[in-house]
Amino acid sequence: MAQAAVIERRPPARSEGSGIAGLFTIGIPLLLVALCLAAKFGYVSMSGGQRAGLIFVLLIALMLTGMPISISLGLTVLIFVFTLTEVPIDAVALKLFTGIERFEIMAVPFFILAGSFLTHGGVARRMIDFATSVIGHWHGGLALAGIVACAMFALVCGSSVATVVAIGSIVLPEMVRHGYPMRFGAGVITVAGSLGILMLPSIPKVIYAISTNTSIGALFVAGVLPGTLLTIMLCAVTWYIARKRDYPRMTKASWLQAWNAFRQSVWGLMLVVIIIGGIYSGIFTATEAAAMAAVYSLFISVYVYKALKLKDVPRVLLQAANMSAMLLYIITNAVLFSFVLTNENIPYALADWILTQNLGPVGFLLVVNLLLLVAGNFMEPSSIILIMAPILFPTAKRLGIDPVHFGIVIDVNMEVGLCHPPVGLNLYVASTIARMGITELTVSVLPWLATMLVLLVIVTYWPELTLFLPRVLGML
């Protein structure tokens, strides 16, 4: 026993291969920095295209070391500015502050705060009860209710992770209690939670709008029909699997029970009216709508549902502030990165090169989808949008692709990235709630993940699905 205890305390043996890989991972960024210094002092000459390639290789190399994306962006900008450009450092410092003082950026912390209040304020429970009373008697009724509840919560939340936490923490234990396999329930909620960034308010949409000067209100509304279609598709797949495997059904609720459940959930759903109605009528902007959503969420959580005590409000505020600070730090460094790219004329040079390839809108959108799906394996949505949108947007614009449609295509790609390893946030949150391994959960989400890929193709090549509602409301 003593020998066994000694053996257990020994650090894990490191293989020679892992040591070499570690040296390689650290050595590559150092070599690239040395190359930048050599170019600065005239030992190496570089063309504009070579400098453009170097900035991306350096960014990827720094991220592969395990360094946070925000730090990788900042270091890449500093190294590039001090070694390969003549940009005055004063201009960089000025951009650091002016890049994040835009009024639209305030929508990000406000929507994060609204999502925090909604998650802790009993809104999710009422939405689940209402969805269960309507479709709980169908095959896989609880799972279907979870999807519909995710869609309703997504209409007022704007965060995919918050949707998974709020709905999953309630639905998954109930599904297990009623006899559903945990793998089935966790797979459903992981993918359905991604509706949080596709429906009305969405933090990735705000970030895309900031990066490309696109209407935030139009982007909000443009996600409603694709989100509704995805909800229907996920429900269809869930119903088929549940019917085939004979999963439990719930007792059909009476009309009175359904009405009472709706009456309880209507306070949360009124947030949809506030957001759409306020923006469409011109009463307030999308940023002001985010502030109204935060105030309204606080009101119903504390004074209507009374699920959140006043003494707990500071804790929720602190949680939202921490998340907002982290996201705004990423935005700040990404703004600097975009500034360097623009100074080097990289986005427009890339647009010229793509146009000479004669890909056309169809081929270009295919390349964009493949590029974003690959990026989703390494980065979270906000970082991908902040880096990729300024690069790809000029080409999309010159090919005649509508900015709002292009934004929703990017948004759906971000949804897919949230639901698969190695950095899929929804996957990790759901695995924590379900107490499942990532590998097991990855296998579980495959039917719904495939459904989402089908939606990606539909959204990409059917622009009217995205643009119909904003056009009807006069937002385009």
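1. The lining of the second largest cavity splits by class into four nonpolar, one polar and two charged residues. Here Ala, Val, Leu, Ile, Met, Phe, Trp, Tyr, Cys and Pro count as nonpolar, Asp, Glu, Lys and Arg as charged, and the others, Gly among them, as polar.

2. This is a predicted model: local features need pLDDT of at least 70, side-chain atom pairs count only at pLDDT 80 or more, and totals for chains, interfaces and linings use all residues. Residues are numbered from 1 along each chain as its sequence is written, and side-chain values use heavy atoms, with hydrogens and water left out.

3. Two cavities of 30 Å³ or more are present. A cavity is a set of points, on a 1 Å grid over the protein atoms alone, where a 1.4 Å probe fits but cannot get out; lining residues have an atom within 4 Å of a point. Points are joined across faces, edges and corners, and a volume is the space filled by probe spheres set on them.

4. The second largest cavity has a volume of about 30 Å³. Its lining is P204, K205, Y208, I385, G407, I410 and D411. Helices are DSSP runs (H or I, at least four residues), numbered from the N terminus.

5. The largest cavity has a volume of about 50 Å³. Twelve residues line it; M379, E380, P381, G417 and L418 are the closest to its centre. α19 (381–398) and α20 (403–417) are the elements giving two or more lining residues. α20 gives the most, with three.

6. By class, the lining of the largest cavity has seven nonpolar, four polar and one charged residues.

Definitions and conventions: 1 Å grid on protein atoms, 1.4 Å probe; cavity = no way out; pocket = protein on both sides within 12 Å on 5 of 7 lines; lining within 4 Å.
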